[in-house]
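Hello,

Here is the structure I promised to pass on to you. Have a look at it first, and then read on for my notes.

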Amino acid sequence: MSCHAFCDEAGFSLEEIKEAAAAGKLLTMEIECSRVCNFKCPYCYQDAETRNELSLDEIKALVDQAGEMGARGIIILGGEPMIYPKIFDVMEYIRSQEISVEMFTNGSNISPENAKRLAGFDVKVVLKLNSRDPEIQNRLCGMPNAHDIITDAFTNLKAAGYGNGGKPMACSSIISEVNYDELADMWEWLRDQQIDPYFEMITPQGGAVENDWVYADPAKIEALFKTFSEADRKRFGEGWKPQPPLAGERCMRHQFSCYVDAIGNVMPCVGVDLPVGNIREQSLKQIIDGSEVIQDLRNHLEEIKGPCAACPEAEGCYGCRGAAYQMTGDYLASDPLCWKNSDKQEEIDRLPMCAVGLIPQQAPMKMVDTLLSVGERKASVEFSVEESNIFLDDEGYLEKEAYIEMVAQAAALFNGFRTRHLEADPAGFLLGAKGFKFYGSANVGDQLQINAVKDTGFGAFSIVNGTVLRGEELIAEGQIKIYHEEATA
């Protein structure tokens, strides 16, 4: 995948970022107008299928909301933006709101005329350029003519005033084993033309999971980042400290940005592809303000766990949250791909995770075995019914009270997982159950999945909706009220 953001050195100071995070504001927003793309990059997080995409009016309303929250820049992603039929309408509207535009593109449809239109809107164009070698470029784009399309776009953008002409331009490249040997020279070649090199590590999601030949070893990436840094220091008077996942920039987008996909789902970024709400159901501000995931990420100094939490660079770096989420299932875990963590892999927790140690209950009262996944105010948990279970009736079936206890313990497991880095374990209590319905009964040997979703919260009190399933079969569902002591570091 390829991440996208205005990073602090490129546009905002660390102080501005801290202020935005503390105030719940945005400095930028990433928006996907359409998922449709004509390239088939083997490392891409995206697919070409989409339904019910946001209308132009919905996109405009979203831009308005971002502006009201303080956004100064909109980053347009895809799919491929330049094959989206209304792309210039979107740009024109954004610019009419006095918000800057940055667009990531594979170069399609950037004719001489369209290059001039982009320049007229003062769009910062970030052009895909994985390699200057035609064979490698085509391979990393999954298209036999990708090199030609990108080369034509590059030429047309330069003629329209990008690069040395003063219009802001960058070239985006993933750091892969395939293009590794040419990137140092390409970095300086771009710098010489006043084009920003936007070189980044691959996040293991989408196509990259199936195409492991694209990856470069983290140790090699560290060496390459140091080469870039030394070139910048000696030749261009630029000083920066190498850190993942971007060369030359700090990625702290979760402090001040968000990503909205083509159907309105709001997520922390394309790497942490965990929906926290949808703009068709709530306003952008309601989603950002109400999201535990967003708040966790903005409070990274207290919430990130493992080696990254103890890193001396933690104030200005938290690795790649996308890599952490994709590889561990936890958006607050340490980044497994950071070269500083190469010898600390055993210290990085990964889901699924055993419930032992995360909840106070022990056998035979323990009614949850494994935490499978976590999301926005929700968790999925697994449990196997054994003969020793105290809730079994004479015929070996679970009594109704067992399902209520399962949901309560699933909520407790989620809370234990989120607060496991704290010195003191916050206590929790089941206060009551409401509206439980029972559609079947589980027997010894059955494997169940419990889904717990926090509906509302009032300080330490929460309402949790729960379901218990055996495969696709719904066994029980209902609501509980719980109390958890406030967690403190």
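In this predicted model, nine strands come together in an open sheet with mixed pairing: 9 strands in the order S6-S5-S4-S3-S2-S1-S7-S8-S9. Strand S6 (196–200) and strand S9 (277–278) stand at the edges of that sheet, and each has a single partner strand, so one side of each is left without a neighbour there.

How do S8 and S9 pair? Strand S8, which covers residues 265–267, runs antiparallel to S9, and the two are joined over 2 bridges. Within this pair, Val-266 is the residue that stands opposite Gly-277 of S9.

Stepping back to the whole protein, you will find 16 helices and 16 strands. The C-alpha atoms fill a box of roughly 80 × 50 × 45 Å along the principal axes.

As for the inside, 56% of the 489 residues count as buried. If you take the contacts between residues at least 6 apart in sequence, 68% of them join residues at least 24 apart.

Enjoy exploring it!

Best wishes

Definitions and conventions: Residues numbered from 1 in each chain as written. Predicted model: local features only at pLDDT ≥ 70, side-chain atom pairs only at ≥ 80, totals over all residues. Heavy atoms only, no water. Helix = DSSP H or I, 4+ residues; strand = E, 2+ residues; numbered from the N terminus. Buried < 20%, exposed > 50% of the residue type's maximum accessible area, 1.4 Å probe, protein only. Contact = heavy atoms within 4.5 Å. Pairing = 2+ DSSP bridges.
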